[in-house]
Amino acid sequence: MQGIRLGSRTSLALEGEDEPVHFAVVDDDAQSVSSQTESLLGRNPSPRSSDDIEKAAAPARAAFQIPSRAQVDAIKSRRAPRIQHKRTIALGLLSLLITAWAVSQLLALGTRFGHGGPRINVILAISDGMGPASETLSRSFLQYLHDATLLNTTVWSTLDSGFTARGYGITPLDEMQVGMSRTRSSNSLVTDSAAGATAFASAIKTYNGAIGVEPTGRRPIGTVLEAAKRQGFSTGLVATSRITHATPAAFYAHVVDRDLESEIASMLVGDGPRGHIVDFAMGGGACFFLPNTTTGSCRTDDKDLIATAEGKGVTVLRGVPALRGWHEAKGHEAGGPVLGLFADGHMDFEIDRQQITALADEQPSLREMTKHALEHLENDDDKGFFLMVEGSRIDMASHLNDPAGHISDILAYHSTIAFLKTYVDDANARGTPTILISVSDHETGGISLGRQLTSAYPEYAWYPDAVANVTHSAEWLGAAVVANPTATREWLRTEVFGQGLGIEDVTEAEISRRAQIGWSTAGHSGVDVNLYAYGYNATGLAGNRENTEVGHHIVNAMGLDLDVVTLELNKNLDWFSSNAGHVNNPHRLAHVDHYHGEL
(Lines give C-alpha, C1' and ligand atoms only; values in the text may rest on other atoms or scores of the structure.)
Protein backbone atom coordinates (compact mmCIF):
# COMPACT_ATOMS: atom_id res chain seq x y z
CA MET A 1 0.00 0.00 0.00
CA GLN A 2 1.06 3.60 -0.51
CA GLY A 3 0.26 6.75 1.44
CA ILE A 4 -0.58 9.86 -0.58
CA ARG A 5 -0.81 13.29 1.04
CA LEU A 6 -3.68 15.43 -0.34
CA GLY A 7 -3.70 18.71 1.62
CA SER A 8 -4.23 17.40 5.15
CA ARG A 9 -6.09 14.19 4.18
CA THR A 10 -4.24 10.92 3.78
CA SER A 11 -5.41 8.22 1.42
CA LEU A 12 -4.21 4.64 1.35
CA ALA A 13 -4.50 2.87 -1.98
CA LEU A 14 -4.60 -0.88 -1.51
CA GLU A 15 -3.45 -3.32 -4.17
CA GLY A 16 -6.35 -4.64 -6.19
CA GLU A 17 -8.69 -1.87 -5.06
CA ASP A 18 -10.32 0.58 -7.48
CA GLU A 19 -10.79 3.38 -4.92
CA PRO A 20 -8.47 4.67 -2.15
CA VAL A 21 -9.39 4.07 1.49
CA HIS A 22 -9.44 7.24 3.64
CA PHE A 23 -8.46 7.36 7.30
CA ALA A 24 -9.26 9.90 9.96
CA VAL A 25 -6.90 12.81 10.75
CA VAL A 26 -6.33 13.98 14.30
CA ASP A 27 -5.36 17.63 13.66
CA ASP A 28 -8.37 20.05 13.69
CA ASP A 29 -6.56 22.79 11.81
CA ALA A 30 -5.69 20.40 9.07
CA GLN A 31 -9.37 19.53 8.81
CA SER A 32 -10.28 23.15 8.08
CA VAL A 33 -7.71 23.30 5.32
CA SER A 34 -8.82 19.98 3.88
CA SER A 35 -12.28 21.40 3.35
CA GLN A 36 -10.76 23.79 0.83
CA THR A 37 -9.11 21.11 -1.29
CA GLU A 38 -12.17 19.96 -3.21
CA SER A 39 -12.13 22.19 -6.30
CA LEU A 40 -13.26 20.92 -9.67
CA LEU A 41 -9.67 20.93 -10.92
CA GLY A 42 -8.35 19.09 -7.88
CA ARG A 43 -6.31 22.12 -6.66
CA ASN A 44 -6.59 24.09 -3.42
CA PRO A 45 -8.59 27.29 -3.75
CA SER A 46 -6.79 30.62 -3.29
CA PRO A 47 -6.45 31.66 0.41
CA ARG A 48 -8.92 34.33 1.43
CA SER A 49 -6.85 36.05 4.24
CA SER A 50 -3.39 36.30 5.76
CA ASP A 51 -4.52 33.96 8.52
CA ASP A 52 -5.56 31.48 5.90
CA ILE A 53 -2.16 31.85 4.21
CA GLU A 54 -0.36 31.30 7.48
CA LYS A 55 -2.44 28.29 8.32
CA ALA A 56 -1.95 26.86 4.84
CA ALA A 57 1.81 27.32 5.08
CA ALA A 58 2.04 25.71 8.51
CA PRO A 59 3.04 22.05 8.49
CA ALA A 60 0.17 19.83 9.29
CA ARG A 61 0.43 18.28 12.71
CA ALA A 62 -1.38 15.08 12.01
CA ALA A 63 -1.07 11.84 13.86
CA PHE A 64 -1.60 8.92 11.50
CA GLN A 65 -2.87 5.57 12.57
CA ILE A 66 -1.30 2.89 10.36
CA PRO A 67 -3.74 0.00 9.81
CA SER A 68 -2.68 -3.49 10.72
CA ARG A 69 -2.67 -6.39 8.26
CA ALA A 70 -5.81 -7.73 9.87
CA GLN A 71 -7.56 -4.39 9.26
CA VAL A 72 -6.43 -4.36 5.64
CA ASP A 73 -7.70 -7.91 5.15
CA ALA A 74 -10.98 -6.96 6.78
CA ILE A 75 -11.34 -4.03 4.38
CA LYS A 76 -10.66 -6.29 1.40
CA SER A 77 -13.18 -8.84 2.53
CA ARG A 78 -15.73 -6.11 3.11
CA ARG A 79 -15.34 -4.79 -0.48
CA ALA A 80 -15.30 -8.16 -2.26
CA PRO A 81 -19.09 -8.59 -2.30
CA ARG A 82 -19.37 -5.26 -4.08
CA ILE A 83 -17.23 -6.58 -6.94
CA GLN A 84 -19.30 -9.75 -7.14
CA HIS A 85 -22.43 -7.62 -7.08
CA LYS A 86 -21.20 -5.64 -10.11
CA ARG A 87 -20.54 -8.83 -12.01
CA THR A 88 -24.00 -10.10 -11.17
CA ILE A 89 -25.58 -6.87 -12.42
CA ALA A 90 -23.55 -7.01 -15.65
CA LEU A 91 -24.52 -10.62 -16.30
CA GLY A 92 -28.14 -9.84 -15.49
CA LEU A 93 -28.22 -6.93 -17.94
CA LEU A 94 -26.61 -9.08 -20.62
CA SER A 95 -29.20 -11.81 -20.03
CA LEU A 96 -32.01 -9.28 -20.30
CA LEU A 97 -30.64 -7.98 -23.59
CA ILE A 98 -30.35 -11.51 -25.01
CA THR A 99 -33.86 -12.34 -23.83
CA ALA A 100 -35.29 -9.15 -25.35
CA TRP A 101 -33.59 -9.92 -28.67
CA ALA A 102 -34.86 -13.51 -28.65
CA VAL A 103 -38.41 -12.40 -27.85
CA SER A 104 -38.34 -9.82 -30.66
CA GLN A 105 -37.18 -12.48 -33.11
CA LEU A 106 -39.88 -14.89 -31.98
CA LEU A 107 -42.50 -12.19 -32.35
CA ALA A 108 -41.21 -11.46 -35.83
CA LEU A 109 -41.38 -15.14 -36.70
CA GLY A 110 -44.88 -15.29 -35.28
CA THR A 111 -45.92 -12.52 -37.61
CA ARG A 112 -44.30 -14.22 -40.56
CA PHE A 113 -45.76 -17.61 -39.80
CA GLY A 114 -49.33 -16.49 -39.35
CA HIS A 115 -49.63 -15.85 -35.62
CA GLY A 116 -50.82 -12.31 -35.82
CA GLY A 117 -49.40 -10.14 -38.60
CA PRO A 118 -51.09 -7.74 -40.98
CA ARG A 119 -54.46 -8.16 -42.61
CA ILE A 120 -53.85 -7.20 -46.20
CA ASN A 121 -55.00 -8.12 -49.69
CA VAL A 122 -52.54 -8.19 -52.59
CA ILE A 123 -53.76 -8.61 -56.17
CA LEU A 124 -51.12 -9.10 -58.85
CA ALA A 125 -52.50 -8.73 -62.38
CA ILE A 126 -50.20 -9.84 -65.21
CA SER A 127 -50.85 -8.75 -68.79
CA ASP A 128 -48.72 -11.39 -70.48
CA GLY A 129 -46.94 -10.03 -73.56
CA MET A 130 -48.37 -6.50 -73.37
CA GLY A 131 -45.75 -3.81 -73.94
CA PRO A 132 -46.04 -0.02 -74.01
CA ALA A 133 -47.05 -0.01 -77.69
CA SER A 134 -49.89 -2.42 -76.92
CA GLU A 135 -51.27 -0.07 -74.29
CA THR A 136 -51.17 2.76 -76.82
CA LEU A 137 -52.80 0.49 -79.40
CA SER A 138 -55.72 -0.31 -77.10
CA ARG A 139 -56.21 3.32 -76.08
CA SER A 140 -56.23 4.53 -79.69
CA PHE A 141 -58.64 1.76 -80.64
CA LEU A 142 -61.03 2.71 -77.83
CA GLN A 143 -60.72 6.37 -78.85
CA TYR A 144 -61.64 5.43 -82.42
CA LEU A 145 -64.72 3.48 -81.25
CA HIS A 146 -65.78 6.34 -78.98
CA ASP A 147 -65.37 9.01 -81.65
CA ALA A 148 -67.33 6.86 -84.10
CA THR A 149 -70.07 6.45 -81.44
CA LEU A 150 -69.52 2.72 -81.56
CA LEU A 151 -68.04 2.08 -78.14
CA ASN A 152 -71.38 2.11 -76.28
CA THR A 153 -72.71 -0.50 -78.67
CA THR A 154 -69.96 -3.01 -77.88
CA VAL A 155 -69.27 -5.30 -74.93
CA TRP A 156 -66.64 -2.74 -73.91
CA SER A 157 -69.21 -0.03 -73.18
CA THR A 158 -68.07 0.09 -69.53
CA LEU A 159 -64.76 1.51 -70.75
CA ASP A 160 -66.45 4.49 -72.42
CA SER A 161 -66.38 6.54 -69.22
CA GLY A 162 -62.66 7.13 -69.69
CA PHE A 163 -63.34 8.83 -73.01
CA THR A 164 -66.30 11.08 -72.22
CA ALA A 165 -64.86 13.51 -69.67
CA ARG A 166 -61.70 14.46 -71.54
CA GLY A 167 -60.66 15.45 -75.01
CA TYR A 168 -58.43 12.39 -75.27
CA GLY A 169 -59.44 9.38 -73.25
CA ILE A 170 -57.68 7.18 -70.73
CA THR A 171 -57.85 3.48 -70.07
CA PRO A 172 -58.29 2.03 -66.57
CA LEU A 173 -54.54 1.45 -66.49
CA ASP A 174 -53.45 4.94 -67.54
CA GLU A 175 -54.18 6.66 -64.24
CA MET A 176 -52.34 4.05 -62.18
CA GLN A 177 -49.00 3.92 -63.98
CA VAL A 178 -46.12 4.38 -61.53
CA GLY A 179 -43.11 3.31 -63.57
CA MET A 180 -41.52 0.69 -65.78
CA SER A 181 -40.32 -2.87 -65.22
CA ARG A 182 -37.16 -4.37 -66.70
CA THR A 183 -37.71 -7.83 -68.09
CA ARG A 184 -34.36 -9.59 -68.68
CA SER A 185 -33.78 -13.05 -67.24
CA SER A 186 -30.59 -14.48 -65.75
CA ASN A 187 -29.40 -15.90 -69.07
CA SER A 188 -30.94 -13.67 -71.72
CA LEU A 189 -31.78 -10.05 -72.38
CA VAL A 190 -35.10 -11.37 -73.74
CA THR A 191 -37.00 -13.32 -71.09
CA ASP A 192 -39.64 -15.98 -71.42
CA SER A 193 -42.78 -16.22 -69.28
CA ALA A 194 -41.32 -18.84 -66.93
CA ALA A 195 -38.36 -16.70 -65.87
CA GLY A 196 -40.48 -13.54 -65.92
CA ALA A 197 -43.14 -15.00 -63.62
CA THR A 198 -40.51 -16.52 -61.31
CA ALA A 199 -39.09 -13.00 -60.86
CA PHE A 200 -42.51 -11.86 -59.60
CA ALA A 201 -43.21 -15.01 -57.56
CA SER A 202 -39.80 -15.56 -55.95
CA ALA A 203 -38.06 -12.19 -56.35
CA ILE A 204 -35.12 -13.80 -58.16
CA LYS A 205 -33.74 -13.83 -61.70
CA THR A 206 -33.60 -17.29 -63.23
CA TYR A 207 -33.00 -18.84 -66.65
CA ASN A 208 -35.58 -19.02 -69.43
CA GLY A 209 -37.75 -22.08 -68.96
CA ALA A 210 -37.32 -22.33 -65.19
CA ILE A 211 -40.37 -22.54 -62.92
CA GLY A 212 -39.68 -21.72 -59.27
CA VAL A 213 -35.99 -22.76 -59.31
CA GLU A 214 -32.82 -20.75 -58.93
CA PRO A 215 -30.39 -20.65 -61.88
CA THR A 216 -27.08 -21.80 -60.41
CA GLY A 217 -27.84 -25.07 -58.65
CA ARG A 218 -31.32 -25.44 -60.19
CA ARG A 219 -32.87 -26.01 -56.78
CA PRO A 220 -36.42 -25.03 -55.73
CA ILE A 221 -37.05 -21.62 -54.18
CA GLY A 222 -40.05 -20.36 -52.21
CA THR A 223 -42.80 -18.28 -53.79
CA VAL A 224 -45.01 -15.51 -52.45
CA LEU A 225 -48.07 -17.74 -52.82
CA GLU A 226 -46.48 -20.56 -50.82
CA ALA A 227 -45.29 -18.17 -48.11
CA ALA A 228 -48.69 -16.48 -47.97
CA LYS A 229 -50.47 -19.80 -47.54
CA ARG A 230 -47.98 -20.88 -44.87
CA GLN A 231 -48.64 -17.71 -42.94
CA GLY A 232 -52.41 -17.95 -42.95
CA PHE A 233 -53.44 -15.99 -46.04
CA SER A 234 -55.88 -17.30 -48.62
CA THR A 235 -54.46 -17.83 -52.12
CA GLY A 236 -55.86 -17.74 -55.63
CA LEU A 237 -54.92 -17.96 -59.31
CA VAL A 238 -56.91 -16.98 -62.40
CA ALA A 239 -55.64 -17.33 -65.98
CA THR A 240 -56.99 -17.63 -69.51
CA SER A 241 -54.18 -20.01 -70.45
CA ARG A 242 -53.79 -23.54 -69.18
CA ILE A 243 -53.60 -23.21 -65.41
CA THR A 244 -50.41 -25.30 -65.68
CA HIS A 245 -48.84 -22.82 -68.11
CA ALA A 246 -45.65 -20.96 -67.23
CA THR A 247 -47.02 -17.85 -65.54
CA PRO A 248 -49.54 -19.36 -63.11
CA ALA A 249 -47.28 -22.38 -62.51
CA ALA A 250 -44.44 -20.18 -61.27
CA PHE A 251 -46.46 -19.33 -58.16
CA TYR A 252 -47.07 -22.90 -56.94
CA ALA A 253 -44.75 -25.31 -58.79
CA HIS A 254 -41.04 -26.10 -58.97
CA VAL A 255 -39.68 -27.71 -62.14
CA VAL A 256 -36.50 -27.10 -64.11
CA ASP A 257 -38.42 -27.05 -67.41
CA ARG A 258 -41.74 -25.31 -68.02
CA ASP A 259 -42.84 -28.10 -70.37
CA LEU A 260 -43.20 -30.54 -67.47
CA GLU A 261 -46.89 -29.71 -67.18
CA SER A 262 -47.92 -33.20 -66.03
CA GLU A 263 -45.74 -32.71 -62.94
CA ILE A 264 -46.97 -29.13 -62.55
CA ALA A 265 -50.61 -30.26 -62.57
CA SER A 266 -49.84 -32.80 -59.84
CA MET A 267 -48.47 -30.03 -57.64
CA LEU A 268 -51.59 -27.94 -58.15
CA VAL A 269 -53.85 -30.67 -56.74
CA GLY A 270 -51.66 -31.11 -53.67
CA ASP A 271 -49.25 -33.89 -54.70
CA GLY A 272 -46.26 -31.59 -54.37
CA PRO A 273 -43.90 -31.07 -51.43
CA ARG A 274 -46.15 -28.54 -49.70
CA GLY A 275 -49.51 -30.25 -50.22
CA HIS A 276 -52.52 -28.23 -51.30
CA ILE A 277 -51.60 -24.54 -51.26
CA VAL A 278 -53.92 -22.90 -53.85
CA ASP A 279 -57.39 -22.23 -52.45
CA PHE A 280 -58.93 -21.04 -55.72
CA ALA A 281 -57.68 -21.76 -59.25
CA MET A 282 -59.47 -21.16 -62.56
CA GLY A 283 -58.35 -21.38 -66.16
CA GLY A 284 -57.89 -23.86 -68.96
CA GLY A 285 -55.75 -26.96 -69.26
CA ALA A 286 -58.10 -29.81 -68.29
CA CYS A 287 -56.11 -32.16 -70.53
CA PHE A 288 -53.27 -32.24 -67.99
CA PHE A 289 -55.63 -33.48 -65.29
CA LEU A 290 -56.98 -36.42 -67.28
CA PRO A 291 -55.26 -39.84 -67.46
CA ASN A 292 -53.48 -40.59 -70.73
CA THR A 293 -55.96 -43.40 -71.32
CA THR A 294 -58.61 -40.69 -71.89
CA THR A 295 -59.25 -39.11 -75.29
CA GLY A 296 -57.82 -35.60 -75.34
CA SER A 297 -55.44 -36.14 -72.41
CA CYS A 298 -52.09 -34.35 -72.43
CA ARG A 299 -50.60 -36.28 -69.49
CA THR A 300 -47.55 -38.51 -69.73
CA ASP A 301 -49.07 -41.01 -67.26
CA ASP A 302 -52.40 -42.54 -66.30
CA LYS A 303 -53.05 -40.39 -63.23
CA ASP A 304 -56.57 -39.00 -62.91
CA LEU A 305 -55.91 -35.72 -61.14
CA ILE A 306 -59.54 -34.63 -61.19
CA ALA A 307 -60.40 -37.69 -59.11
CA THR A 308 -57.35 -36.95 -56.92
CA ALA A 309 -58.50 -33.38 -56.36
CA GLU A 310 -62.07 -34.37 -55.53
CA GLY A 311 -60.74 -37.01 -53.14
CA LYS A 312 -58.96 -34.23 -51.26
CA GLY A 313 -62.12 -32.16 -50.90
CA VAL A 314 -61.55 -29.86 -53.89
CA THR A 315 -64.66 -28.63 -55.70
CA VAL A 316 -63.98 -29.16 -59.42
CA LEU A 317 -66.03 -27.01 -61.82
CA ARG A 318 -66.24 -27.70 -65.57
CA GLY A 319 -68.08 -25.18 -67.74
CA VAL A 320 -69.98 -21.96 -67.09
CA PRO A 321 -73.24 -23.68 -65.95
CA ALA A 322 -71.33 -25.52 -63.22
CA LEU A 323 -69.59 -22.30 -62.17
CA ARG A 324 -72.77 -20.26 -61.97
CA GLY A 325 -74.67 -23.07 -60.28
CA TRP A 326 -71.92 -23.27 -57.65
CA HIS A 327 -72.18 -19.52 -57.15
CA GLU A 328 -75.98 -19.53 -56.87
CA ALA A 329 -75.73 -22.28 -54.27
CA LYS A 330 -73.41 -19.92 -52.35
CA GLY A 331 -70.49 -22.28 -52.81
CA HIS A 332 -68.07 -19.42 -52.17
CA GLU A 333 -69.48 -19.12 -48.64
CA ALA A 334 -69.04 -22.82 -47.94
CA GLY A 335 -65.27 -22.51 -48.24
CA GLY A 336 -62.86 -25.22 -49.28
CA PRO A 337 -60.56 -25.27 -52.31
CA VAL A 338 -61.97 -24.77 -55.81
CA LEU A 339 -60.54 -25.79 -59.19
CA GLY A 340 -62.26 -24.49 -62.32
CA LEU A 341 -61.21 -25.97 -65.68
CA PHE A 342 -63.00 -24.40 -68.66
CA ALA A 343 -61.07 -25.69 -71.67
CA ASP A 344 -58.99 -28.71 -72.54
CA GLY A 345 -56.13 -26.44 -73.58
CA HIS A 346 -55.89 -22.67 -73.44
CA MET A 347 -59.16 -20.79 -73.16
CA ASP A 348 -60.26 -19.15 -76.39
CA PHE A 349 -59.45 -15.63 -77.46
CA GLU A 350 -61.95 -13.10 -76.19
CA ILE A 351 -62.96 -12.07 -79.71
CA ASP A 352 -64.02 -15.67 -80.45
CA ARG A 353 -65.70 -16.20 -77.09
CA GLN A 354 -67.94 -13.21 -77.76
CA GLN A 355 -68.90 -14.35 -81.26
CA ILE A 356 -69.61 -18.01 -80.53
CA THR A 357 -72.46 -18.78 -78.16
CA ALA A 358 -71.18 -22.26 -77.45
CA LEU A 359 -67.88 -20.85 -76.24
CA ALA A 360 -69.60 -18.27 -74.05
CA ASP A 361 -71.54 -21.10 -72.43
CA GLU A 362 -68.34 -23.06 -71.77
CA GLN A 363 -65.86 -20.37 -70.84
CA PRO A 364 -66.32 -17.44 -68.45
CA SER A 365 -64.57 -14.14 -69.09
CA LEU A 366 -61.45 -13.09 -67.22
CA ARG A 367 -63.54 -10.57 -65.32
CA GLU A 368 -66.14 -13.16 -64.25
CA MET A 369 -63.50 -15.59 -63.01
CA THR A 370 -61.82 -12.78 -61.09
CA LYS A 371 -65.12 -11.77 -59.50
CA HIS A 372 -65.71 -15.35 -58.26
CA ALA A 373 -62.15 -15.53 -56.98
CA LEU A 374 -62.55 -12.41 -54.85
CA GLU A 375 -65.86 -13.57 -53.39
CA HIS A 376 -64.38 -16.94 -52.47
CA LEU A 377 -61.13 -15.64 -51.00
CA GLU A 378 -62.93 -13.03 -48.92
CA ASN A 379 -65.08 -15.71 -47.30
CA ASP A 380 -62.30 -18.26 -46.93
CA ASP A 381 -60.25 -16.46 -44.29
CA ASP A 382 -60.26 -13.24 -42.33
CA LYS A 383 -56.55 -12.50 -42.57
CA GLY A 384 -56.40 -11.44 -46.19
CA PHE A 385 -55.35 -13.01 -49.45
CA PHE A 386 -52.94 -13.13 -52.37
CA LEU A 387 -54.51 -13.35 -55.82
CA MET A 388 -52.75 -13.56 -59.20
CA VAL A 389 -54.83 -12.74 -62.30
CA GLU A 390 -53.32 -13.23 -65.75
CA GLY A 391 -54.57 -12.02 -69.11
CA SER A 392 -52.68 -14.87 -70.75
CA ARG A 393 -53.93 -14.73 -74.31
CA ILE A 394 -52.73 -11.16 -74.94
CA ASP A 395 -49.33 -12.75 -75.45
CA MET A 396 -50.49 -15.59 -77.69
CA ALA A 397 -52.22 -13.26 -80.14
CA SER A 398 -48.95 -11.37 -80.50
CA HIS A 399 -47.10 -14.62 -81.16
CA LEU A 400 -49.50 -15.01 -84.09
CA ASN A 401 -49.03 -11.33 -85.08
CA ASP A 402 -52.83 -11.05 -84.82
CA PRO A 403 -53.80 -7.44 -84.01
CA ALA A 404 -57.53 -8.14 -83.58
CA GLY A 405 -56.99 -11.02 -81.16
CA HIS A 406 -54.37 -8.96 -79.34
CA ILE A 407 -56.61 -5.93 -78.91
CA SER A 408 -59.67 -7.91 -77.82
CA ASP A 409 -57.82 -9.65 -75.01
CA ILE A 410 -56.25 -6.36 -73.91
CA LEU A 411 -59.73 -4.85 -73.67
CA ALA A 412 -60.88 -7.85 -71.62
CA TYR A 413 -57.92 -7.15 -69.34
CA HIS A 414 -58.86 -3.46 -69.11
CA SER A 415 -62.40 -4.44 -68.14
CA THR A 416 -61.02 -6.68 -65.39
CA ILE A 417 -58.72 -3.92 -64.13
CA ALA A 418 -61.65 -1.49 -63.94
CA PHE A 419 -63.54 -4.02 -61.81
CA LEU A 420 -60.50 -4.64 -59.60
CA LYS A 421 -59.98 -0.92 -59.00
CA THR A 422 -63.53 -0.62 -57.68
CA TYR A 423 -62.92 -3.60 -55.42
CA VAL A 424 -59.68 -2.06 -54.11
CA ASP A 425 -61.43 1.24 -53.36
CA ASP A 426 -64.19 -0.55 -51.43
CA ALA A 427 -61.77 -2.77 -49.48
CA ASN A 428 -59.59 0.17 -48.44
CA ALA A 429 -62.69 2.14 -47.45
CA ARG A 430 -63.68 -0.79 -45.21
CA GLY A 431 -60.30 -0.59 -43.50
CA THR A 432 -58.52 -3.53 -45.15
CA PRO A 433 -55.27 -2.41 -46.81
CA THR A 434 -55.50 -3.63 -50.40
CA ILE A 435 -53.12 -3.07 -53.30
CA LEU A 436 -53.48 -3.86 -56.99
CA ILE A 437 -50.30 -4.27 -59.04
CA SER A 438 -50.43 -4.67 -62.81
CA VAL A 439 -47.37 -5.54 -64.89
CA SER A 440 -46.34 -7.58 -67.90
CA ASP A 441 -43.71 -10.30 -67.78
CA HIS A 442 -42.41 -9.16 -71.18
CA GLU A 443 -43.48 -7.69 -74.53
CA THR A 444 -44.39 -9.97 -77.42
CA GLY A 445 -44.26 -9.35 -81.16
CA GLY A 446 -42.14 -6.21 -81.20
CA ILE A 447 -45.28 -4.35 -82.19
CA SER A 448 -45.13 -0.88 -83.72
CA LEU A 449 -47.90 1.59 -84.53
CA GLY A 450 -46.76 2.75 -87.92
CA ARG A 451 -45.27 0.74 -90.74
CA GLN A 452 -43.27 1.33 -93.87
CA LEU A 453 -45.06 -0.47 -96.68
CA THR A 454 -42.87 0.50 -99.65
CA SER A 455 -39.44 1.94 -100.33
CA ALA A 456 -41.02 5.39 -100.36
CA TYR A 457 -40.94 7.56 -97.27
CA PRO A 458 -43.61 6.13 -94.88
CA GLU A 459 -46.93 7.69 -94.08
CA TYR A 460 -47.33 8.85 -90.47
CA ALA A 461 -50.51 6.94 -89.68
CA TRP A 462 -52.12 3.77 -88.48
CA TYR A 463 -55.76 2.85 -89.03
CA PRO A 464 -57.85 1.31 -86.20
CA ASP A 465 -60.88 0.84 -88.47
CA ALA A 466 -59.11 -2.01 -90.25
CA VAL A 467 -59.07 -3.90 -86.95
CA ALA A 468 -62.61 -2.95 -85.91
CA ASN A 469 -64.13 -4.98 -88.74
CA VAL A 470 -62.52 -8.28 -87.66
CA THR A 471 -64.84 -10.80 -86.01
CA HIS A 472 -62.52 -13.72 -85.22
CA SER A 473 -58.95 -14.40 -84.21
CA ALA A 474 -56.37 -15.60 -86.70
CA GLU A 475 -56.20 -18.84 -84.69
CA TRP A 476 -59.92 -19.56 -85.13
CA LEU A 477 -59.89 -18.66 -88.83
CA GLY A 478 -56.84 -20.82 -89.42
CA ALA A 479 -58.50 -23.76 -87.66
CA ALA A 480 -61.61 -23.25 -89.81
CA VAL A 481 -59.55 -23.42 -92.99
CA VAL A 482 -57.74 -26.57 -91.81
CA ALA A 483 -61.07 -28.17 -90.90
CA ASN A 484 -62.40 -27.59 -94.45
CA PRO A 485 -60.02 -29.37 -96.85
CA THR A 486 -62.44 -28.86 -99.74
CA ALA A 487 -62.57 -25.10 -99.25
CA THR A 488 -62.94 -23.14 -102.48
CA ARG A 489 -61.50 -19.76 -103.33
CA GLU A 490 -64.99 -18.31 -103.08
CA TRP A 491 -65.46 -19.81 -99.62
CA LEU A 492 -62.19 -18.27 -98.50
CA ARG A 493 -63.21 -14.90 -99.98
CA THR A 494 -66.64 -14.78 -98.33
CA GLU A 495 -66.20 -16.71 -95.10
CA VAL A 496 -62.61 -16.06 -94.05
CA PHE A 497 -61.90 -12.66 -95.55
CA GLY A 498 -65.41 -11.26 -95.68
CA GLN A 499 -67.04 -12.58 -92.51
CA GLY A 500 -63.86 -13.18 -90.49
CA LEU A 501 -61.61 -10.26 -91.37
CA GLY A 502 -64.19 -7.78 -92.65
CA ILE A 503 -62.41 -7.40 -96.00
CA GLU A 504 -64.62 -7.08 -99.07
CA ASP A 505 -61.98 -5.99 -101.59
CA VAL A 506 -59.75 -9.00 -101.16
CA THR A 507 -56.14 -8.47 -102.19
CA GLU A 508 -52.82 -9.86 -101.05
CA ALA A 509 -53.00 -7.52 -98.09
CA GLU A 510 -53.85 -8.61 -94.56
CA ILE A 511 -55.07 -6.82 -91.45
CA SER A 512 -51.74 -5.67 -89.99
CA ARG A 513 -50.72 -4.23 -93.35
CA ARG A 514 -54.04 -2.46 -93.82
CA ALA A 515 -53.90 -1.07 -90.32
CA GLN A 516 -50.18 -0.25 -90.76
CA ILE A 517 -49.29 -2.14 -87.60
CA GLY A 518 -45.77 -3.53 -87.66
CA TRP A 519 -44.35 -6.68 -86.07
CA SER A 520 -40.66 -7.35 -85.66
CA THR A 521 -40.88 -10.92 -84.34
CA ALA A 522 -43.21 -13.84 -83.65
CA GLY A 523 -41.50 -14.15 -80.26
CA HIS A 524 -40.71 -11.87 -77.35
CA SER A 525 -38.74 -8.64 -77.26
CA GLY A 526 -36.51 -7.18 -74.57
CA VAL A 527 -38.15 -3.77 -73.97
CA ASP A 528 -39.13 -2.46 -70.56
CA VAL A 529 -42.85 -2.78 -69.85
CA ASN A 530 -45.27 -0.51 -68.01
CA LEU A 531 -45.67 -0.92 -64.26
CA TYR A 532 -48.95 0.01 -62.59
CA ALA A 533 -50.07 0.11 -58.95
CA TYR A 534 -53.26 1.22 -57.23
CA GLY A 535 -54.45 1.43 -53.65
CA TYR A 536 -52.45 0.79 -50.51
CA ASN A 537 -48.78 1.91 -50.78
CA ALA A 538 -49.03 2.12 -54.55
CA THR A 539 -46.22 4.68 -54.76
CA GLY A 540 -43.80 2.17 -53.23
CA LEU A 541 -43.16 0.82 -56.75
CA ALA A 542 -42.55 4.17 -58.44
CA GLY A 543 -39.67 4.40 -60.88
CA ASN A 544 -37.88 2.10 -63.28
CA ARG A 545 -37.66 -1.26 -61.50
CA GLU A 546 -36.20 -4.70 -61.97
CA ASN A 547 -39.01 -7.22 -62.24
CA THR A 548 -37.73 -8.88 -59.06
CA GLU A 549 -38.67 -5.72 -57.14
CA VAL A 550 -42.33 -6.51 -57.75
CA GLY A 551 -41.80 -9.73 -55.80
CA HIS A 552 -39.94 -7.89 -53.05
CA HIS A 553 -42.76 -5.36 -52.77
CA ILE A 554 -45.31 -8.15 -52.25
CA VAL A 555 -43.04 -9.80 -49.67
CA ASN A 556 -42.69 -6.57 -47.70
CA ALA A 557 -46.38 -5.65 -47.93
CA MET A 558 -47.54 -9.03 -46.61
CA GLY A 559 -44.65 -9.63 -44.21
CA LEU A 560 -43.70 -12.86 -45.96
CA ASP A 561 -40.65 -15.04 -45.40
CA LEU A 562 -39.57 -16.79 -48.60
CA ASP A 563 -36.36 -18.15 -47.06
CA VAL A 564 -38.12 -20.48 -44.64
CA VAL A 565 -40.20 -21.90 -47.51
CA THR A 566 -37.03 -22.45 -49.53
CA LEU A 567 -35.39 -24.26 -46.60
CA GLU A 568 -38.40 -26.53 -46.20
CA LEU A 569 -38.54 -27.29 -49.93
CA ASN A 570 -34.91 -28.37 -49.89
CA LYS A 571 -35.03 -30.60 -46.78
CA ASN A 572 -35.88 -33.64 -48.85
CA LEU A 573 -35.61 -33.48 -52.62
CA ASP A 574 -36.89 -36.95 -53.46
CA TRP A 575 -39.80 -35.28 -55.27
CA PHE A 576 -37.54 -33.05 -57.40
CA SER A 577 -35.39 -33.66 -60.50
CA SER A 578 -32.80 -31.13 -61.63
CA ASN A 579 -32.29 -32.78 -65.03
CA ALA A 580 -35.81 -33.42 -66.28
CA GLY A 581 -37.44 -32.16 -69.43
CA HIS A 582 -35.49 -29.91 -71.77
CA VAL A 583 -33.46 -28.25 -69.02
CA ASN A 584 -30.19 -28.88 -70.88
CA ASN A 585 -31.40 -27.13 -74.03
CA PRO A 586 -28.48 -24.77 -74.84
CA HIS A 587 -30.88 -22.03 -75.89
CA ARG A 588 -32.25 -21.97 -72.35
CA LEU A 589 -29.00 -22.29 -70.41
CA ALA A 590 -26.59 -20.22 -72.50
CA HIS A 591 -25.32 -17.37 -70.39
CA VAL A 592 -24.76 -13.87 -71.66
CA ASP A 593 -21.53 -11.97 -71.09
CA HIS A 594 -23.04 -8.56 -71.76
CA TYR A 595 -24.75 -8.13 -68.39
CA HIS A 596 -23.49 -5.43 -66.09
CA GLY A 597 -24.08 -5.63 -62.36
CA GLU A 598 -25.64 -8.25 -60.18
CA LEU A 599 -28.71 -10.04 -61.48
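Reply: Two strands pair if DSSP finds at least two bridges between them; strands (E, at least two residues) and helices (H or I, at least four) are DSSP runs, numbered from the N terminus. This is a predicted model, in which local features need pLDDT of at least 70 and side-chain atom pairs count only at pLDDT 80 or more, while totals for chains, interfaces and linings use all residues. Residues are numbered from 1 along each chain as its sequence is written, and side-chain values use heavy atoms, with hydrogens and water left out.

Within the sheet, V238 stands opposite V389 in β10. Strands β6 (residues 234–242) and β10 (residues 384–390) run parallel to each other and are joined over six bridges. They belong to an open sheet of ten strands with mixed pairing, in the order β8-β9-β7-β6-β10-β4-β11-β16-β5-β17. The edges are β8 (315–317) and β17 (543–546); each has a single partner strand, so one side of each is left without a neighbour in the sheet. From one strand to the next, the twist averages 15°; axes are lines fitted to C-alpha atoms, for helices over the stretch in contact, and angles run from 0 to 180 degrees between N-to-C directions.

Helix α21 (residues 548–558) packs on this sheet. Its contacts (heavy atoms within 4.5 Å) are with β4 (120–126), β10, β11 (434–439), β16 (529–535) and β17. The direction of α21 makes about 165° with that of β4.
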